[in-house]
Amino acid sequence: MSKMNTSDQYFPLNENQDEIRLISILPYGGRLSHVECSIETVSLKSFNAQYHGFLSTSSSTGRKRSLEWERLACLGGTNEMAQDKHNRNHPSHRFGWGDYAALSYVWGDAYDTVPIKMNGQEVHVQRNLEAALRILSSRAEFHGQYRLWVDALCINQNDAVEKSTQIKRMRTIYGNAREVIGWLGPEFSESGKAIDLIEHLSLSWSKGFGKELENRLRQDPEYLGLGNWLALHELMRRGYWARLWIIQEIVLGSSSAVLYCGNRCVEWTSFCQAIGFLFEYLWTVKDAILAHEVLRLYPDERKTPAWSTMSLHLVFRDLWMLSQNEARGGDDYLSFGQLLDLAKSGDAKDPRDKVYGLVGMMDPLVARNVIPDYTLLPANVYAAIARTYIVVHGNLEAIREGNPWGEMNAPSWAADWTWSSRIRHGRVTANIWGPFWGPKGEPPSNKLGLPYRASGDVKMEVQFSDDGLYLACRGFIVDEVDGVSARENGYFAWASSTLHQPVSKKCAYQGADGVVEALYKTLVLNRVSEGKRANAKHSAILNIPADFSHAQYQFESLGWTWLANQREYYFRWSEWRRANEEFSVFGKPLDRYFSETIPEGSNEYDYTEAYSCNNRTSQGRRFLTTMNGYMGWGPDNMFGADIKQIRPGDKIAILFGCSTPIVVRPHGEYYQVLGEAYIHGLMDGEGLRFLESNQCQVQDFIFC
């Protein structure tokens, strides 16, 4: 172990020795002087004898291996020694020099800096980092044999090559850390009350008090105290949750992660359980409680703040699930599209970091081919990662996420990781929203639904241009867009003026019953809970009333509590119905296919399932019909201009090696990808018969 030079120059790290830099923090007793640290270079290969022996017998990797070691090591030594992380002979220290934790935090304003002392010299760091170091120094956490990795200090920020190399090592650094500390920031906005509420919700989950607590809170919003919910609302609005880099940092920490907010801390697992409890039991209660607290505490406040649901969804649907997968040592890696959803969840000052900041979450076969290069334009970075996924996985699934509407001018076949209209809740996963699905006490699964097979078993044929910006592949045009429903105008409204009525008189379905079956299956993308295909019971979607007041009366009469409490979310059904009621579906207005009365003997499960599946279907998609008489969905650019949308005349292509049809548009001598399509009747290889009958011909596509 060698000390780093205290001048402005960092000594290069020896990659062959797996070297990193770590800091120690001098214990701080509340003095007004600077935080004092020392920085040293250590090797992650310098295992002590005990850990080396453990590695020779363990088949686990990553966080699972770390957790196994922690359990095994703490069986030896005294309880007193086990509590002393700084003891040279601590039973769970893995290296000859001790062990380390990694810090996850928000950098903050680059110009808002304060001084600390590093190896006796004064250096300036951003204020939020100094606050974290000051809190940790007051707890004497990182003095002696237990050290801390902090990116701003342990990476030479003036060395572009080292920065690029270290970015590729995030999985190693955070995944191998004994502990990951998530620094939410100093205490303010009653954050202590938020931690109290988190602890109470986590305990309620473990005790199985879900329904009981829900009922108590409906009767008495102050049952858990006054101001706790507003404090949690403020805690979830903190910048930490919006930072893209924290996703892989906290996930790689998994059950070894802990969140700090000022002097308070809570284990990451408990935090996730509390947010899961909120989703499972209190989701439709939380808004009323927040409104009650604002009225009681701020009677002159005219507007109730809205919950920061993006950060809540991030924890519940992504971070918790990914953390559990990491703790199990699983290889259940996210798909290309799911990584794009994660990228949408977090902010990055540099658009290239939308990719580089998630390398630790990628399939290792992909990650090993990603070389962070900040000399490249974002468009080139996005093209390179799409190409890597296509080549490594041997299919064109990545092309489903492409379109020409992003701001980074990426090729249309390569998804723009900054595109604002990408909607994560529209993805077809096995897990769906509602009271009947998903095991209690567990995060929702990220497993995708049963794959479509539009191109059957035909393998892709693909080439890339020398500059990596053009993709050539083979497939065939199977149809053309005819009618298009109203586009989404943002998340909460539809622009009925953008509706294009169909002109074709063809119908690809057998009789009136065939049309009805095609319609109810199309309205749920023919995928329901557990990712299975829809069946006759999902015709329930055609009997869900458009108007919520009319629907609520029926739901309550039937005792369907969850559906009756959907007032804040029902607009996605009612407004979509209203905007498209006159859209012609095979000569009949769309609205006439629906009934406003739920039949006697109807099943709550079926109606909830149909409602939930349609809710995701309509997000980021436009209902359409085709010139050959099919119905389906195409991509919707909800935050884009009217000119940046699909339109009648766009082609529907089946590309070999891609599971769904793709909407494409001729662009000079090339084509543009507009996005994936669901075309009912062409999703399981049926279109290939048009090749056999010579109704369609295989052709080369060059996408720009």
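Predicted model: local features only at pLDDT ≥ 70, side-chain atom pairs only at ≥ 80, totals over all residues.

Visitor: Is glycine 514 buried or exposed?

Guide: The cut-off for buried is under 20% relative accessible area. The value for glycine 514 is 14%, so the residue counts as buried.

Visitor: What distance separates the C-alpha atoms of glycine 514 and leucine 319?

Guide: Along the chain, glycine 514 and leucine 319 are 195 residues apart.

Visitor: Where does arginine 427 lie, and is it buried or exposed?

Guide: Arginine 427 sits in the loop that runs between α18 (378-393) and β11 (462-464). Its relative accessible area is 18%. Buried means under 20%, so arginine 427 is buried.

Visitor: Which side chain has a polar contact with the side chain of arginine 427?

Guide: Leaving aside neighbours within four places in sequence, the contacts of arginine 427 are Gly337, Gln338, Asp341, Glu401, Leu448 and Arg616. The polar contact between side chains is 3.1 Å, and the partner of arginine 427 in it is glutamate 401.

Visitor: How many salt bridges does the structure hold?

Guide: Side chains of opposite charge can pair when their charged atoms come close. Among the salt bridges here is that of arginine 243 with glutamate 249, at 3.0 Å from N to O. For the structure, the count is 39.

Visitor: Are arginine 243 and glutamate 249 buried or exposed?

Guide: The cut-off for buried is under 20%. Arginine 243 has a relative accessible area of 10%, and glutamate 249 has a relative accessibility of 1%. Arginine 243 is therefore buried, and glutamate 249 also counts as buried.

Visitor: What separates glutamate 214 and arginine 218 in helix α9?

Guide: Glutamate 214 and arginine 218 form a salt bridge, with their closest N and O atoms 3.1 Å apart. Glutamate 214 is buried at 9% relative accessible area, whereas arginine 218 is partly exposed at 39%. Because the two are four residues apart in helix α9 (residues 210-219), what separates them is about one helical turn.

Visitor: How many residues apart in sequence are the parts that arginine 400 and glutamate 676 tie together?

Guide: The side chains of arginine 400 and glutamate 676 form a salt bridge of 2.6 Å, N to O. Arginine 400 is in the loop between α18 and β11, while glutamate 676 is in strand β21 (residues 670-676), so the parts they tie together are apart in sequence by 276 residues.

Visitor: Which residues are linked with Arg400 and Glu676 in a network of salt bridges?

Guide: Glu676 is partly exposed, with a relative accessible area of 22%. The network of salt bridges links Arg400 and Glu676 with Glu397 and Arg621.

Visitor: How much space lies in the largest cavity?

Guide: The count of cavities of 30 Å³ or more comes to one. The space in the largest cavity is about 70 Å³.

Visitor: Which helix gives the most to the lining of the largest cavity?

Guide: The lining includes Arg171, Val251, Leu322, Asn325 and Glu326. Its residues divide into five nonpolar, two polar and three charged. With three residues, the helix that gives the most to this lining is α14 (residues 309-327).

Key:
Residues numbered from 1 in each chain as written. Heavy atoms only, no water. Buried < 20%, exposed > 50% of the residue type's maximum accessible area, 1.4 Å probe, protein only. Polar contact = N/O pair within 3.5 Å; in protein donor to acceptor, adjacent residues only side chain to side chain. Contact = heavy atoms within 4.5 Å. Salt bridge = Lys/Arg side-chain N within 4 Å of Asp/Glu carboxyl O. 1 Å grid on protein atoms, 1.4 Å probe; cavity = no way out; pocket = protein on both sides within 12 Å on 5 of 7 lines; lining within 4 Å. Points joined across faces, edges and corners; volume = space filled by probe spheres on them. Nonpolar A, V, L, I, M, F, W, Y, C, P; charged D, E, K, R; others polar.
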